[in-house]
Amino acid sequence: MPTSLELLDSVSSNPSLGQTPTIGELIDQRYSRRGAMKGMLGAATVAGIATGLGGCATAGALRPAQAAFRELERGVDTMHHVAPGYDANILIRWGDPLMAGDGSFDPTRQSAEDQERRFGYNNDYVGFVPLPPEARGEQRGLLCVNHEYTIAPLMLPGAAGRELTAAECEIEKAAHGGSIFEIVKHGQNWRYIQGSRFNRRITARTPRIALTGPAAGSPRLATSADPTGRTVMGTLNNCAGGITPWGSYLLAEENFNGYFTGTAVGPEAANHERYGVPGGWYEWARHDGRFDIGQEPNEPNRFGWIVEIDPMDPSSTPKKRTALGRFKHEGAESVHNRDGRVVVYSGDDQVFDYVYKFVTAGRFDPARPETRRDLLDAGTLYVARFDADGAVDWMPLIFGEGPLTAANGFAGQADVLIETRRAADLLGATPMDRPEDVEPDPRSGRVYVMLTNNTRRTADNLDAANPRADNAFGHIIEIVESEGDFAATRSTWNMLVRCGDPEVAEVGALWGPGTSENGWFGSPDNVAIDGKGRLWVSTDGSEVLNQCANGVWAVDAEGPTRGRSQLFFRTPTGAELCGPRFTPDDETLFMAVQHPGDDGEAYPPHARPSTFADPSTRWPDFDPQMPPRPSVLAVTRRGGGKIGT
Ligand code: FEO
Ligand code: CA
Ligand code: CA
Ligand code: CA
């Protein structure tokens, strides 16, 4: 999530919580404390690392791990930076035309209808679906990119400090959702194909998205526009996602609460409170009654799902797969299990919320494409409990089992899914430090959980899997699924990295040997795993906290350098880094630079809120008429070859 929404994002509605300090307070505390700590480093440095390594779990078969590149210096400026010997080229920017016949983007002449034909705002998830090569052997594919949210003061002329018009709210809706488009590689350079028959936009205005699975048709999903509870207009806050083993595109709906305003009354009030509805971050309800929960109390129940789209068929109807549960899904990364079932992992991105996985009932057979159809509509959703002895228990959320009965207000599986968080509360799941990406590695049977941060964790609610109070920098947990079976219900876990500056005893960082001055990071958000089992972790932490722009760090997961990290890529000021995504040959790394310039007053050199007219950077165009543009880059090695080798 954005720096501007980070504070709101961190406010949990989990009932076990207390008060939240403001982001300004957090930054003040952290920055001044760090300054003080810097002066008293020394013996604590060594002690902190040594203690951490004592908790390091054993790794399996050793593979060459350490990434070979010269890492970047830490810092923040208006540009992006990539390690020497690599090229990071802009592939597509907010406003670039996807459909045939459209001209270049004019940010002073925006409309919703025009935006629906162009690449949306704030690119987040990046998925790659290979296509057969062209006749000349050029590599092709479809890129599937999410557009998580909008920032009106940065993207709309003159919008800072005033209410938005109805037309501007519609532009915002049209800039959400996802983009699907064809890309082709010429030599070392990727470019997108304007007007390809695959190109498509999904937005918050897409008229027909089907609700499928056990909750479809529930009266709790019915609204005045859709009394059947089976068809939704649009998708919201599409953060990360996934590409399934059969090549469909999953968009996770994350902070849907932010779009609703009004007062929660009636039977849904407690449900809405658990999800932070109404968040009141957007002005849409002033012009569109469905975002007013006083008028449409069930509308929020139609968001917070995983959306599946067939990117090969631009006329296909997107489907919200309710069997995967309703929460603030960060992503939906999946793996084809050895028994043919498919397992989808997902974090609920809120402080003190949970880690989930969904195991399909049916089996996918690549030789029989019909087996993919609606596979995500039947299966079992599990939530994780991380025990102090290193066990992880995956507990099923099944109506009628344990506490998930009528006695606790569940009339059926639809209720369990609509109120996934409350069901998981009742099962005793482990409240985590904001679960972001949860990425399985099919080669190793391991799963990596990015826990971005939780400054509301206190000394009296620590546990083995969330061991630090005031956890401003987050950590990464490794799950070792039992005997490589991703459908296992009892596995083990261990700590891969406790993030933060290992020189600061207070942070107590856990790092592998040799972590350099530049190698530490905070707030892991998304991750890609390369063919050697190395993690490429992207961050969404405050530039102030990390004393460095967000970016991508390569982290070794195995061998003697396990836990070692190196800075590979840095965003321009104000941005977070999303994606990242390798092509199957590991020769290209796509990454999404989200909210460039959205650094508010937090960081020099632009000590005032960024606006359309006066942003802190005009990356990537540096055209005085153009505001900063969220963009996807393609990183390749100069002269070719696998990234990081
Ligand atoms: Fe949208 Fe969890 O970051
Ligand atoms: Ca985030
Ligand atoms: Ca994210
Ligand atoms: Ca990922």
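The model is predicted: local features need pLDDT of at least 70, side-chain atom pairs count only at pLDDT 80 or more, and totals for chains, interfaces and linings use all residues. Residues are numbered from 1 along each chain as its sequence is written, chains are lettered from A and ligands numbered from 1 in the order in which they are written, and side-chain values use heavy atoms, with hydrogens and water left out.

**The calcium ion (ligand 3)**

- Cys239 (SG), Glu330 (OE), Glu330 (OE), Glu436 (OE), Asp525 (OD) and Asp525 (OD) coordinate this calcium ion (ligand 3) at 2.4 to 3.1 Å. Donors are N, O and S atoms within 2.8 Å of the metal (3.2 Å for Na, K and Ca), and sites may look incomplete because water is not among the atoms.
- Along the sequence, the donor residues of the calcium ion (ligand 3) are spaced C-x90-E-x105-E-x88-D.
- Glutamate 330 sits in the loop between strand 13 (319-321) and strand 14 (333-336), and aspartate 525 in strand 25 (residues 524-529), so the pair ties together parts that are 195 residues apart in sequence. Helices (H or I, at least four residues) and strands (E, at least two) are DSSP runs, numbered from the N terminus.
- Glutamate 330 is buried at 0% relative accessibility, and aspartate 525 is buried with a relative accessible area of 1%. Buried means under 20% relative accessible area, exposed over 50%, and partly exposed in between (1.4 Å probe, protein chains only).
- Glutamate 436 bridges the calcium ion (ligand 3) and the calcium ion (ligand 2), which lie 3.8 Å apart.

**The calcium ion (ligand 4)**

- Here the protein donors are Glu333 (OE), Asp437 (OD), Glu439 (OE) and Val527 (O), at 2.2 to 2.5 Å from the calcium ion (ligand 4).
- Glutamate 333 belongs to strand 14 and glutamate 439 to strand 21 (residues 435-441), so the pair ties together parts that are 106 residues apart in sequence.
- Glutamate 333 and glutamate 439 are both buried.

**Helix 9**

- Thr420, Arg421, Ala423, Ala424 and Leu427 are buried in helix 9 (residues 420-427).
- These residues cover an arc of only 160° around the axis, which puts them on the same side of helix 9. The arc is that of the directions from the helix axis to the C-beta atoms.
- Just after helix 9, glycine 428 has a positive phi of about 80°.

**Glutamate 576**

- Glutamate 576 is part of strand 29 (residues 576-582).
- The side chains of glutamate 576 and histidine 595 are joined by a polar contact of 3.0 Å. A polar contact is a pair of N or O atoms within 3.5 Å; within protein, one must be able to donate a hydrogen and the other to accept it, and residues adjacent in sequence count only if both atoms are side-chain atoms.
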